[in-house]
Amino acid sequence: MKSINPDDFKVTGKIELSKIPTNLFNKASDDDKEENLEKVQAKLSELQDVMYAHNKYGVLICLQGMDTSGKDSLIREVFKEFNPRGVVVHSFKTPNSTELEHDYLWRHYLALPEKGKFAVFNRTHYENVLVTRVHPEYILNENLPGIESVDAITPEFWENRLKQINNFEKHISQNGTIVMKFYFHLSKEEQRKRLLRRLEEEQHNWKFSPGDLKERGFWDDYMSYYEEAINATSTENAPWYIIPADDKEMARYIVAKIIWEEMQKYTDIKEPELDAKTKASIEEYKKQLEKE
């Protein structure tokens, strides 16, 4: 299988989603992809154990993409070898009444990873510049000063919100949270096939919602707003990676490999050493235990 280079997927300049492929057309078999993923799974699990002991960094993995793009199954497969205490998944849905009493980033601050742990945001703070762009009437639920109607939501409002998100990510990254953001780049045709599969296969019927078809009708709007958000917020401290998502197995491997490769840059993440006094007394402690 062709080696995965994170830089091939990392957004470092202005991008046009329509020009980026949704499938790598890799010739590797599904068995090869699974085998490679399993190897990276094991490495990530070991890394997380060391991170937990090191207790200096948290890792925030942000997953965004259209319905059926494979976020849920990726979480299940990529992180299944982790110690359960080392990873927490948050799926952000429509804000509840308590959350709406605070600013839109409040609930995301609460869900940030503790030191030594991974947090996965399945849908993220970017919903506040994606779904709300397509449906600006949702902003009215936030009860913001000066926003009494949709007409009051100006282009400057969205520009400011994107700047606020950049500031949020800069702040948490400067305080020990490693941020990686993945956009699952799915084709409209592949989404159609996956939605049909949910209807045709009874065991997957529960995944289907008529709302999926409604949102599909806004496909072009979503692509435009995704493109704008990615171009405005892919920074060195919180980069975006665009993942071809038509092949689920390949997408999982790419994401896992990128996480692993990027984490190798943090060479200070090591298991802590015993203090000199305790280390010098190891043999004595062993003798005490052997006498019991």
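**Figure 1. Helix α1 and the negative surface patch.** Helix α1 (residues 30–54) contributes four residues to the negative patch, the most of any element. The patch as a whole is formed by D31, D32, E34, E38, E81 and E249. Patch members have over 30% relative accessible area and no salt bridge, with like charges joined within 9 Å. Asp and Glu count as negative and Lys and Arg as positive, while His and the chain ends are not counted. Each charge is placed at NZ of Lys, CZ of Arg, CG of Asp or CD of Glu. E81 lies in the loop between α2 (71–78) and β2 (87–91). With a relative accessible area of 43%, E81 is partly exposed; buried means under 20%, exposed over 50%, and partly exposed in between, for a 1.4 Å probe and protein chains only. Helices (H or I, at least four residues) and strands (E, at least two) are DSSP runs numbered from the N terminus. The model is predicted: local features need pLDDT of at least 70, side-chain atom pairs count only at pLDDT 80 or more, and totals for chains, interfaces and linings use all residues. Residues are numbered from 1 along each chain as its sequence is written, and side-chain values use heavy atoms, with hydrogens and water left out.

**Figure 2. The salt bridge between D247 and K33.** D247 forms a salt bridge with K33, and their closest N and O atoms are 2.5 Å apart. This pair links distant parts of the chain, 214 residues apart: D247 is in the loop between β5 (240–244) and α9 (248–263), and K33 is in helix α1. Both D247 and K33 are buried. A salt bridge is a side-chain nitrogen of Lys or Arg within 4 Å of a carboxyl oxygen of Asp or Glu. A search of the whole structure finds 19 such bridges.

**Figure 3. The buried pair E99 and R107.** A salt bridge joins the side chains of E99 and R107, at 3.2 Å from N to O. E99 and R107 are both buried.

Figure 4. The side chains of R194 and E190 meet in a salt bridge of 2.9 Å, N to O. R194 counts as buried because its relative accessibility is 4%, and E190 counts as buried because its value is 14%. Both residues lie in helix α6 (residues 188–200), four residues apart, about one turn of the helix. Elsewhere, salt bridges that share partners join D67, R123 and E127 into one network.

Figure 5. D212 lies in helix α7 (residues 210–216). D212 counts as buried because its relative accessibility is 9%. Apart from its neighbours within four places in sequence, D212 is in contact (heavy atoms within 4.5 Å) with D67, L195, R198 and K207.

**Figure 6. The chain that holds these sites.** The chain has 11 helices and five strands, and its C-alpha atoms fill a box of roughly 75 × 50 × 40 Å along the principal axes. Of its 292 residues, 48% are buried. Among contacts with a separation of 6 or more, 81% are between residues 24 or more positions apart. The chain exposes about 16100 Å², of which carbon and sulfur atoms supply 47%; accessible areas come from the Shrake-Rupley method with a 1.4 Å probe, and for residues only the protein chains shown count as cover. There are 42 positive and 52 negative side chains, and the centres of the two sets lie 3 Å apart.

Notes:
Patches are made of residues with over 30% relative accessible area and no salt bridge: like charges are joined within 9 Å, nonpolar side chains (Val, Leu, Ile, Met, Phe, Trp, Tyr) within 5 Å.
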